[in-house]
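These notebook entries record what I looked up, one topic at a time. I began with a single side chain and then turned to cores and helix packing.

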Amino acid sequence: MLNRRQVLGTLGAGSLAALAPITASAANPRVIVVGGGMAGVTVAKYIRLWSGKTIDVTLVTPATTYVSNIMSNLVITGQMAYSTLQFTYAKLASTYGITVVTGSVTGVSGYGSSATGTVTVSNGKTYTSERLVLAPGITIDPVAKTGGGTTDVLHAWQAGSQTTALQALLPTVPNNGSFILTIPPKPYRCPPGPYERACVIADYLQRNRPGAKIYVLDANADVTAEAVNFRNAFTSYNMAGVLEYWPSTTFNSVDAGTGPGKQQTVNITTVATANTIGTNPGGTLNLYGNVVNIIPPHRAPDIVGAAGVIPSGSKFAPVYLHTFESLVSGREKIHIIGDASDTSLPKAGHVANQEAKICASAIVNLLKGTPGNIDTAPTANSACFSPINSTQASWLTAVYQYKLTDSAGASLAPNKRFVIWDGVANTYGAAIEASAPSTGNFSKMNGWYKVLMAESFT
């Protein structure tokens, strides 16, 4: 079981060796960070901290307040206040001297053979730096609409207005009504997140809407994270008969309904497998939901592609894992971290914190002129808690070690060299999940969240 010391310890994993600050000069090196989420704020903070504030950092973010995706499922069910998801950049500016610019990036130029590059922002200004870090998160495109064209959907996979919109719709599910949740194929942001949402909504319906059901339509062949605890939850904790889990289910289209999430018919192609829980008939069919929560596949935002760091046919940006520099030739002065990167690490908030620290350490050494001090075999950690119902939670943790080959001895691509490692047996391993959900884990979850967010934003 994770305790407070272990949780705190995971926050410091990665390349965290003490770094001698750069000698201050009349013209400090500059880094621009695009994106004010978990990855962006952490890399900005630690570049300033580990350089002794001798690297100037500008953080460009589209909003003055960050809204956390972590814990947002409990806001949807009304158990947590929306305000608990909100964080400002005030401490980054006042404590670390980071220049915070509110706006969207409209263009990136340079960062190739020249010593510097430039970033153009929607405020009309252009900023110059020696290094650029892209941490803009994800983009979710409109989905296919039945009969042709596309439509926006209520995904609530980017916390903010969609979170409160889904929170407002959940109570509209009537007794004996239905809620539909779709899960995209991997990779997607927060592997346990959709199953966590399924559980807490099933719990809400069981307590508040007699006879109502939630249909969980998963594009994957089985639960992708914390499989034991989530599958057990689907058939227990009063969820039996409330939740149906249909794996190997392809989302085809959705009708327009009366607005995103409201009274929509979803067209799917599904396979009734041994992993099915419920009455999945198999085949192509339509399902009607009083509330429909479609989580579509996602990709790196347009600015990442415009920066020239996404290879043709890819959705995310591959990077060297010891520096998070782009793998695209001539774009090595651009680093990509967080959900927009293409790596063997999961896309999650705690992992973004880890990636940011590895990246920050590398950038400080690169700008200091000591690339030989970069950790060429870094370690990262993934840790999270998952609410199962209104009082109990599970947890998942994994340690990732940099390796050149997989467990079968096959060579790994440069962006896939983080593998789950069993530090006790000193061999390739697997993620570890809690033996069972508990109220104690639920309590620890709140502490974990507060520590993680404070570690990045203060």
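Which backbone atom lies 2.8 Å from a polar atom of the side chain of Asn290? I worked from a predicted model, and there I found the backbone nitrogen of Ser178 at that distance from the Asn290 side chain.

I placed Asn290 in strand β17, which spans residues 283-294. Setting aside neighbours within four places in sequence, I listed the contacts of Asn290 as Val173, Pro174, Gly177, Ser178, Gly261, Lys262 and Gln263.

I noted that the largest nonpolar core has 85 residues, of which Val43, Ile47, Leu132, Leu134 and Ile337 touch the most other members. Helix α9 (residues 349-368) gives this core its largest share, nine residues. I also recorded a second, separate core of 36 residues, with Leu181, Cys199, Ile201 and Met239 among them. For Leu134, not counting residues up to four places away in sequence, I found that it touches Val34, Val304, Ala307, Val309, Ile334, His335, Ile336 and Ile337.

How do the axes of α9 and α10 cross? I read that the axes of α9 and helix α10 (residues 439-457) come within 11 Å and cross at roughly 30°. The crossing of α9 past α10 is left-handed. On the α9 side I listed His350, Asn353 and Lys357, which meet Trp448, Leu452, Glu455 and Ser456 in α10.

Conventions
Residues numbered from 1 in each chain as written. Predicted model: local features only at pLDDT ≥ 70, side-chain atom pairs only at ≥ 80, totals over all residues. Heavy atoms only, no water. Helix = DSSP H or I, 4+ residues; strand = E, 2+ residues; numbered from the N terminus. Polar contact = N/O pair within 3.5 Å; in protein donor to acceptor, adjacent residues only side chain to side chain. Contact = heavy atoms within 4.5 Å. Core = buried A, V, L, I, M, F, W, Y, C linked by side-chain atoms within 4.5 Å. Buried < 20%, exposed > 50% of the residue type's maximum accessible area, 1.4 Å probe, protein only. Axes fitted to C-alpha atoms, helices over the stretch in contact; angles between N-to-C directions. Left-handed = near helix turned anticlockwise from the far one by under 90°.
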